[in-house]
Amino acid sequence: MRQKMQKFMMGRYGADQLGQLLMGASVVLLLISMFTKWEIFYILALGLMMYEYYRMMSRKVEQRYAENQKFLNWRYHLAVKWNREKEHLKQRKIYHFYKCPSCKQKVRVPKGKGKICITCPKCRTEFIRKS
């Protein structure tokens with residue numbers, strides 16, 4: 001049976017990270033549909049499952065790979081943005097963050113220095129802010 005399955009899947013795309021996310025989302029939607037009387041969750045879950053099985057059984061490997069790469073790039077940018085915001089929140093007690101009025105570059109200034117003249121490191125514009 002195992003050899004038959006391997007022979008059947010030969011040349012097909014298979015599972016990937018986007019597929020795992022789709023399957024996880026469909027399981028969550030199925031659980032929600034069990035505890036609510038709204039059929040929309042059940043329909044969405046079945047739709048996601050069918051789309052994931054379509055992707056797994058597809059012979060258009062290049063297109064499925066491109067879809068997965070777009071998803072991975074999106075996830076990477078989301079993680080980078082999240083980490084940047086966490087660092088910003090950690091430094092909030094020590095520093096003030098201002099945006100340059102001309103180029104919108106974020107500038108970090110130590111707190112408790114009074115009124116200071118800030119020079120943007122990117123465009124060299126000077127502006128005065130209270131720290």
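Reader: Which residues make the nonpolar surface patch of about 390 Å²?

Author: Keep in mind that this is a predicted model. Two elements each give two or more residues to the nonpolar patch, namely α1 (2-9) and α3 (39-57). The patch itself is made by Met5, Phe8, Tyr53 and Met57.

Reader: Is methionine 57 buried, partly exposed or exposed?

Author: Methionine 57 is found in helix α3. Its relative accessible area comes out at 30%. Buried needs under 20% and exposed needs over 50%, so with 30% methionine 57 is partly exposed.

Reader: How are the rings of tryptophan 38 and phenylalanine 41 arranged?

Author: The structure holds 3 aromatic pairs. In the pair of tryptophan 38 and phenylalanine 41, the ring centres are 5.9 Å apart and the planes sit at 20°. Planes under 30 degrees apart count as stacked, so this pair is stacked.

Reader: And which is tryptophan 38, buried or exposed?

Author: The cut-off for exposed is over 50% relative accessible area. Tryptophan 38 has 59% relative accessibility, so it counts as exposed.  Phenylalanine 41 has a relative accessible area of 19%, which makes it buried. To come back to your pick, tryptophan 38 is exposed.

Reader: What makes up the largest nonpolar core, and what is phenylalanine 127 in contact with?

Author: In soluble globular proteins, nonpolar side chains tend to be buried together. Here the largest nonpolar core has 7 residues in all: Tyr98, Cys100, Val107, Val109, Ile118, Cys120 and Phe127. Setting aside neighbours within four places in sequence, phenylalanine 127 is in contact with Tyr98, Lys99, Cys100, Pro101, Val107, Ile116, Cys117 and Ile118.

Note on methods
Residues are numbered from 1 along each chain as its sequence is written. This is a predicted model: local features need pLDDT of at least 70, side-chain atom pairs count only at pLDDT 80 or more; totals for chains, interfaces and linings use all residues. Side-chain values use heavy atoms; hydrogens and water are left out. Patches are made of residues with over 30% relative accessible area and no salt bridge: like charges are joined within 9 Å, nonpolar side chains (Val, Leu, Ile, Met, Phe, Trp, Tyr) within 5 Å. Accessible areas come from the Shrake-Rupley method with a 1.4 Å probe; for residues, only the protein chains shown count as cover. A salt bridge is a side-chain nitrogen of Lys or Arg within 4 Å of a carboxyl oxygen of Asp or Glu. Helices (H or I, at least four residues) and strands (E, at least two) are DSSP runs, numbered from the N terminus. Buried means under 20% relative accessible area, exposed over 50%, partly exposed in between (1.4 Å probe, protein chains only). A nonpolar core is a set of buried Ala, Val, Leu, Ile, Met, Phe, Trp, Tyr and Cys residues joined through side-chain atoms within 4.5 Å. Contact means heavy atoms within 4.5 Å. Rings of Phe, Tyr and Trp (its six-membered ring) pair if their centres lie within 6.5 Å; planes under 30 degrees apart count as stacked, over 60 as edge-to-face and the rest as tilted.
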